[in-house]
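Here is a briefing on the model shown below. Keep the sequence at hand while reading.

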Amino acid sequence: MRSFVAAILLAMLLPTGVRAESDAKSERIQQGTGLALHGEPKRPENFTHFDYANPNAPKGGSIWLGATGTYDNFNPFIIRGNSAPGVAELLHGTLMTQALDEPLTVYGYIAERYSMPHDRSWIEFHINPRARFSDGSPITADDVIFSFETLRTKGQPFYRYYYRDVLKVEKRDRLTVRFNLRKGKNRELPLIISELYVMSKKFWEGRTFDEPLRVPPVSSGPYTLARYEYGRNLEYVRRKDWWAKDVPAVKGQYNFDVIRYEYYRDASVAIEALKAGEYDFRVENSASTWVSKYNTPSVRDGLLVKLKVDTKTNEGMAGFIFNTRRFPFTDWRVRRAIVYALDVEWQNEKLAFGEYKHSYSFFSNSELAARRGKPQGAILDILNRYRDQLPSRIFDDPFQVPVYKDGNLRPGLRKAFKLLEQAGFEVRDFRMVDKKTGKPLAFEFLIPSPAYKRSVLPFKRNLQRLGIDLKVRLVDQSQFIQRVQKFDFDMIWAGWGQSLNPGNEQRIFWGSYTADRVGSRNYAGVKSKVVDDLVNRLIAAETRPELINYARALDRVLQDMNIIIPLWHAGYQRFIYWDKFSLPKPTALQGTNYLLWWYDAGKAQRLRGRISSLPR
């Protein structure tokens, strides 16, 4: 008995992530407040706050943000409706939360601790007994189980893919939940479960989860939704009695008393509203806007601040995506030929003021990106396992994204003509047609905003040089979302965001299982046994170097498929805001976000003294 008690006390005192022996089953049990995908967490058990957060940041003030379009739904976890911004992260807490300065490590939030065997066949979360919803009711194991089962059965499709290796969820006691996991190697799954949004079971009783929610939900997060006008604005108010304000993983964050969103018709109107002082803060995603739209006295005088933050985050891939389910994009030669018709360098220089870097990898701006040239070393060893299933060109002549530095597309277009001829097309009367049927080669580009035409129309002109007819179809945002979810398009401008530790989401992006599932993010319709196996091995990687090698091998296979015409990535964040805020030093890995900032009363007073026209 003394040995047993000593073992229990030792487990309670061990630093984060240290493993102890279980007397019951001789299992090595990992316990603590921090869990890393690979290796050990950076922070000890008794850490007080994240280094990049200011634990002494003053609480108070407000921040007003801009939004475009409209909203009609306060449930961000379903397909139907237009979800209001901020609902997920401001109203819903998670079991654990990620650190921004580590590749993938989570620390306790609603769950103060976890327990897990060495083989990761299950994980238990021990809920903080102080955890409360905004209505004062305690957060319990029943709420966690309800949240998990509801998201898996009625939430957006990706939850089913994310959680499909969870075999059973058990209530161990009022504040403890165990997730039993399928045997095999899925190291990331415990961390995915740890970021489960926790909802109130009591609130949802008598409500239909998979229909748009018209009233604010009970909050498990730092804010409540206090006021709203559909399509015009909404306002979150900080929970002054929030139980988690001193939890180390969130201390120094969520500092504003009020977070308000103001809605505008489109981005151009929203930008002018920002410059007029109608709201405070904007993340600027347009390079041309960043360079050309903020040349105002307020910016020159430092009253309206432009902040650029370099990051090393994985920026994934974005560009013009082919729907390979549809003719003529079922043929890789047609897709590759069309890739040669886009001059990304010209677009970057003329439309984006040279602000971007040309992407070629599905893991852009990270160490996960495949090296250029022929595969070598460990990557070659991995690809050799599939040599009889992969085209020889991957090994002998890997595809390189065309780079037109001088604006001369002729070399690329010559390659395009040869590929189209091999695919069974020829030019008749200046039109590219099918040799057998005479049917013209034409397709449609679906866009949700006229702003996209700046990039699509030059592409259309280049395609005309190949005899290909491109039609541009403009639809409203709601229709665009619905058509994309049903894969009712030929080509769209979209992409796949990535993390520093790609894992289970790769099944959603490229898995054969998701290719025909409505609402999945396999926009291109990828179906490949090789890709499926590479993704499974990536997920099972037990070390960081192993994960990098499988990511680079997967990257090479995806690049060869030509499922997208790559555009660009930035490698930094862009913020523009009125000088009434302060912020801690951004992380080198993932930069910063406004939830780490705080209202600076001194700056706000000086700003009001210089610009009396500002309404707040």
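Helix α16 (residues 477-485) lies across β20, β21 and β22 (491-496). Its direction is about 125° from that of β20. The model is a predicted one. The points below start with the sheet under discussion, then turn to the cores, a helix pair, two further strand groups and some local features.

**The five-stranded sheet**

- The sheet is open, and its strand order is β21-β20-β22-β16-β23. Pairing within this sheet is mixed.
- The edge positions belong to β21 (469-474) and β23 (564-566). Each has a single partner strand, so one side of each is left without a neighbour in the sheet.
- From one strand to the next, the twist averages 35°.
- Strand β20 (residues 442-447) pairs with β21 in the parallel sense, over six bridges. Within this pairing, F443 has L470 of β21 as its bridge partner.
- In a regular strand, side chains alternate between the two faces of the sheet.

**Nonpolar cores**

- The largest nonpolar core holds 134 residues. F179, Y236, I259, W496, W510 and Y594 have the most contacts inside it.
- Helix α19 (residues 544-561) gives the most to this core, with nine residues.
- Which residues does W510 touch, not counting those up to four places away in sequence? They are F362, W496, Q498, N522, V526, V531, D532, V535, L554, L558 and I563.
- A second, separate core has 41 residues. F320, F322, I338 and F459 are among them.
- In soluble globular proteins, nonpolar side chains tend to be buried together.

**The α18/α19 pair**

- Helix α18 (residues 529-540) packs against α19 at an angle of about 160°. The two axes are 9 Å apart.
- An angle over 145° counts as roughly antiparallel. The helices α18 and α19 are therefore roughly antiparallel to each other.
- Their crossing is left-handed.
- On the α18 side, the contact is made by V530, V531, L534, V535, R537 and L538.
- On the α19 side, L547, Y550, A551, A553, L554, V557, L558 and M561 take part.
- V531 and V535 of α18 and L554 and L558 of α19 belong to this contact. These four residues are also among those that W510 touches.

**The three-stranded sheet**

- This open sheet has the order β3-β6-β5, with antiparallel pairing.
- β3 (34-36) and β5 (96-98) are the edge strands. One side of each is left without a neighbour in the sheet, because each has a single partner strand.
- Direction ignored, neighbouring strands here are turned by 25° against each other on average.
- Three bridges link β3 to strand β6 (residues 105-108) in the antiparallel sense. A36 has T105 of β6 as its bridge partner.

**The β18/β19 hairpin**

- Strand β18 (residues 425-428) and strand β19 (residues 431-434) pair in the antiparallel sense, over four bridges. The bridge partner of E426 is V433 in β19.
- Two residues lie between the strands of this hairpin. In the turn, D429 has a positive phi of about 55°.

**Local backbone features**

- Where is the cis peptide bond between F327 and P328 placed? P328 lies in the loop between β16 (317-322) and α10 (332-339). The omega of this bond is about 5°.
- R120 is a non-glycine residue with a positive phi, near 55°. The loop between β7 (111-117) and β8 (122-127) holds R120.
- Is R120 buried or exposed? R120 is buried, because its relative accessible area is 8% and the cut-off for buried is under 20%.
- F353 also has a positive phi, near 55°, and is not a glycine. F353 sits in the loop between α11 (344-351) and β17 (357-358).
- The relative accessible area of F353 is 41%, so F353 is partly exposed.

- S288 is part of helix α8 (residues 287-292).
- With a relative accessible area of 11%, S288 is buried.
- Neighbours within four places in sequence aside, S288 is in contact with K293, L351, A352, F353 and R454.

Conventions. Residues are numbered from 1 along each chain as its sequence is written. This is a predicted model: local features need pLDDT of at least 70, side-chain atom pairs count only at pLDDT 80 or more; totals for chains, interfaces and linings use all residues. Side-chain values use heavy atoms; hydrogens and water are left out. Two strands pair if DSSP finds at least two bridges between them. Axes are lines fitted to C-alpha atoms, for helices over the stretch in contact, and angles run from 0 to 180 degrees between N-to-C directions. Contact means heavy atoms within 4.5 Å. A nonpolar core is a set of buried Ala, Val, Leu, Ile, Met, Phe, Trp, Tyr and Cys residues joined through side-chain atoms within 4.5 Å. Buried means under 20% relative accessible area, exposed over 50%, partly exposed in between (1.4 Å probe, protein chains only). Angles under 35 degrees count as roughly parallel, over 145 as roughly antiparallel, 65 to 115 as roughly perpendicular and the rest as oblique. A crossing is left-handed if the near helix is turned anticlockwise from the far one by less than a right angle, and right-handed if clockwise.
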